[in-house]
Amino acid sequence: MPIVEMLMPKMGESIMEATVLTWLKKVGENITVDDSLLEVATDKIDTEVPASHSGVLHQILIKEGQIAEIGKPICLIMSNSIDILPVSSNGKHVEEPAEELTEIGILTEAILPKPTQFATLQKSADRFYSPLVLNIAKAEGIKQVDLDIIIGTGLDQRVTKDDVNLFLKTGKNILQKPKTIVKTQVKIEDNDEVIPMDRMRTMIANRMTSSLEISAHVTSFVECDMTNVVIWRNNIKKSFLDTYGENITFTPILMQAVARAIEAFPMINVQVDGNTIVKKGSINIGMAVALSNGNLVVPNIPNANNMSLIEITKYVNDLTKRGRENKLKPEDLEGGTYTVSNIGTFGNIMGTPIIVQPQVAIMAFGAIIKTPSVVQTIEGDTIAIRQKMYISHSYDHRVVDGSLGGQFVKKVADLLEKFDGDKELRS
C-alpha cells in the first residue's frame, strides 16, 4: 500500500501555523477519511483535524507540543485508496509529475524519507521563536532586541506571525513593558490554591492587555426600553419554535439592531492600520460565546445586515451550540468587524467591555429588568412598569469621537424601542 504524506490543512486565511495538542489516533491504528486524527491549537481556536485518507496511521512527524506549519507534512498514512499513483525512484509519478500535486504528497516505503522536525523552535535569551517568525523578522529587518520585547499572544506567550505583523504596523504600541518593571507580588498562604492559566486563558489575558495598550478606550451608556421586544418575543417564542425549529432569544434581536445601526453609521465599522483607517465593506457581527471550559471566544455572523431575523436566529443558535461542544472552526472566528456581548445573561446590568482588535468598538447589553418609569400618554405623564435595559458601548477614541460613539449606541436603542417584530422577522 502506498504511503501518503498528510499535510497540515488551512486553518483560516491569516493562520500560518498551529500547535499540536493531542494525537487522537496511535501509530498502527486504522483510520478513515474525516476521522478526527489530532487536536491542534492556533492563536484563535482549538480544533480537531480530520484524516485526509483512509488506511493506517504509519508515522507521526509532528509530536505533541510541536509547531506544525500550514501545508507541511504532519504524519504519514499507509493508504488503502486505489486512486493513489505510486512514485518511481526518481520521485515522479508513473503517469504525471509529482510536483503537480498540491494537496498531498505520495511516497513509497522504499523512498520514505527520515522524519523531519518541522518548525523546530529557535531560542533567543529566554524566549523561543518559530522559523516562520524568524524569517519574517529577517525579511523586515526587525532587530533581535526589538523581537525580544514584542508581546507574544501564542502558546506560553510565544510570538506569532500576527504579533510581528502588528508590531510592523503599530510599532512601540505593542512592545512589552521594560523587563525592569516591578511585577505584582502575591503572597501565597498555606491554604491558598495556585491554579496555572491554561493556554486559552493566557491568550485571552495577553490580548485583553494588548487591546488596552493599543486603543484609547471610552465607554458610553444609554437606557433602552425593551418592553415592546419582550412582549413580542413572549408572544411568538412557542410558534417560532414550532414553525422554524429554533428557540428565539433576545440575542439575535439585539444583533439585528446593531447591524442596522452600522448601516446608518458606517464609520463605526472601521479598523486602524497604522496611520490609515480601513472602512470595512462587510458588516460581520461577532458575538461572545462561552466554551465548555468557561472561556469565551468570538465567532462571527458574516453579512449580518443582509440577514432576516430568522436567519440570524439560526446562525446564533448554531454558533452557540458548536461553541459549547468545542466544534467551532477557525473560519468561524475570522473577519469580524464589530462585536457584541450579551452580559445580561449573567445578570449584569452594564459593563465596560474591551475592544476586540483590530476592531474599534464593542457593545454590551445588560439584563432586562422591570422598572417603574415615567410614560407619556395622551392624558399626560404616568408611572408604569417597563422592561428596561442598559447598553454599554466601548469605542476607540483614536478614531471614534464621542459624538459618533454616542449617536451609534443611541441609534441601537432607538431601533429596539421601535422594534416591529412582524416586519423584522423576514426582512
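Tutor: Start with Gln-387, which lies in strand β22, residues 380-396. Strands here are DSSP E runs of at least two residues, helices are H or I runs of at least four, and both are numbered from the N terminus. This is a predicted model, where local features need pLDDT of at least 70, side-chain atom pairs count only at pLDDT 80 or more, and totals for chains, interfaces and linings use all residues. Residues are numbered from 1 along each chain as its sequence is written, and side-chain values use heavy atoms, with hydrogens and water left out.

Is Gln-387 buried or exposed? Gln-387 counts as buried because its relative accessibility is 17%. Buried means under 20% relative accessible area, exposed means over 50%, and partly exposed is in between (1.4 Å probe, protein chains only). Now its surroundings. Leaving aside neighbours within four places in sequence, Gln-387 is in contact with Cys-224, Asp-225, Met-226, Thr-227, Val-230, Ile-368, Ile-369 and Lys-370. Contact means heavy atoms within 4.5 Å.

Next, a helix pair. Helix α5 covers residues 227-244 and helix α7 covers residues 309-324. Their axes come within 13 Å and cross at roughly 75°. The axes are lines fitted to C-alpha atoms, for helices over the stretch in contact, and angles run from 0 to 180 degrees between N-to-C directions. α5 and α7 are therefore roughly perpendicular to each other. That term covers 65 to 115 degrees; under 35 counts as roughly parallel, over 145 as roughly antiparallel, and the rest as oblique. Trp-232, Phe-240 and Tyr-244 in α5 meet Leu-309, Ile-310, Thr-313 and Lys-314 in α7.

Turn to strand β1, residues 3-7. Five of its five residues are buried. Ile-3, Glu-5 and Leu-7 sit on one side, with Val-4 and Met-6 on the other. In a regular strand the side chains alternate between the two faces of the sheet. β1 pairs with strand β8, residues 73-79, in the antiparallel sense over five bridges. Two strands pair if DSSP finds at least two bridges between them. The bridge partner of Glu-5 in β8 is Leu-76.

Last, two loop residues. Asn-303 is found between β18 and α7, and has a positive phi of about 50° although it is not a glycine. Asn-326 lies in the loop between α7 and β19, with phi near 55°.
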